[in-house]
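We will go stop by stop, selecting as we go.

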Amino acid sequence: MPLKLAAADRKLLLIFGAVVTVLLVAVALLQPAQEETVVPSSYSAASAGAKAAYLLLKESGYRVERWEKPPRDLPKDGSGALLILAEPRWEMDREHKLAVQRFLAKGGRVLATG
């Protein structure tokens with residue numbers, strides 16, 4: 001059974017609908033843009049990510065691995081290895097610096113960015 005509205009009620013309903021629509025459009029357009037996370041992760045394909053570089057090296061035949069352990073766990077023999085420090089999440093305290101220095105002394109190489 002169709003709902004019968006008086007002309008004045010119908011006009012009020014249309015005005016209310018138009019106002020709600022305008023408000024929704026305004027909120028959508030004026031909402032601040034979401035900030036992109038700026039973490040240079042080899043898992044991230046965002047503009048600050050390093051996934052493309054990781055995949056390029058891997059597909060070019062290099063043995064590539066993500067190092068997710070603290071620097072103290074770096075291999076004792078670093079010959080032929082390149083450690084890329086892309087804005088590390090850990091603080092470079094004395095222990096971490098010594099571990100990286102040992103890695104360098106044993107033939108490893110370090111590329112630090114950020």
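Select Ile84 and Leu111: Ile84 stands opposite Leu111 in strand S2. Keep in mind that this is a predicted model.

**The strand pair**

Now show the side chains of S1. Which residues lie on its covered face? They are Leu83 and Leu85. Leu82, Ile84 and Ala86 make up the uncovered face. In a regular strand, side chains alternate between the two faces of the sheet.

**One step back along the chain**

Select Ala81. This residue belongs to the loop between H2 and S1. Is Ala81 buried, partly exposed or exposed? Ala81 is partly exposed, because its relative accessible area is 27%, and buried would need under 20%. Ala81 and Val110 are 29 residues apart along the chain, and their C-alpha atoms are separated by 8.5 Å.

**Charges over rings**

Select Arg66 and Tyr43. The charged end of Arg66 sits over the Tyr43 ring, 3.9 Å from the ring centre. Then select Lys69 and Trp67. Here the charged end of Lys69 sits over the ring of Trp67, at 5.1 Å from its centre. How many aromatic pairs does a search of the whole structure find? The count is zero.

**The helix at residues 7-30**

Select helix H1, residues 7-30. Its 24 residues should span 34 Å at 1.5 Å a residue. The end C-alpha atoms are 35 Å apart, which agrees. H1 is hardly covered: zero of its 24 residues count as buried.

**The whole chain**

Clear the selection and zoom out. There are three helices and two strands in the chain. Along the sequence they follow the pattern α-α-β-α-β. The radius of gyration is 28 Å, well over the 13 Å that the globule rule gives for 114 residues, so the chain is more spread out than a compact globule. Along the principal axes, the C-alpha atoms fill a box of roughly 90 × 35 × 25 Å. Of the 114 residues, 11% count as buried.

**Colour by confidence**

Last stop: colour by pLDDT. The chain has a mean of 85, and 90% of its residues reach 70 or more. Where pLDDT is low, the predicted coordinates should not be read in detail.

Key: Residues are numbered from 1 along each chain as its sequence is written. This is a predicted model: local features need pLDDT of at least 70, side-chain atom pairs count only at pLDDT 80 or more; totals for chains, interfaces and linings use all residues. Side-chain values use heavy atoms; hydrogens and water are left out. pLDDT is the predictor's confidence in each residue, from 0 to 100. Buried means under 20% relative accessible area, exposed over 50%, partly exposed in between (1.4 Å probe, protein chains only). Helices (H or I, at least four residues) and strands (E, at least two) are DSSP runs, numbered from the N terminus. Two strands pair if DSSP finds at least two bridges between them. Rings of Phe, Tyr and Trp (its six-membered ring) pair if their centres lie within 6.5 Å; planes under 30 degrees apart count as stacked, over 60 as edge-to-face and the rest as tilted. A charge sits over a ring if NZ of Lys or CZ of Arg is within 6 Å of the ring centre and within 35 degrees of the ring normal. The expected span of a helix is 1.5 Å times one less than its number of residues. The radius of gyration is taken over C-alpha atoms; the globule rule is 2.2 Å times the number of residues to the power 0.38.
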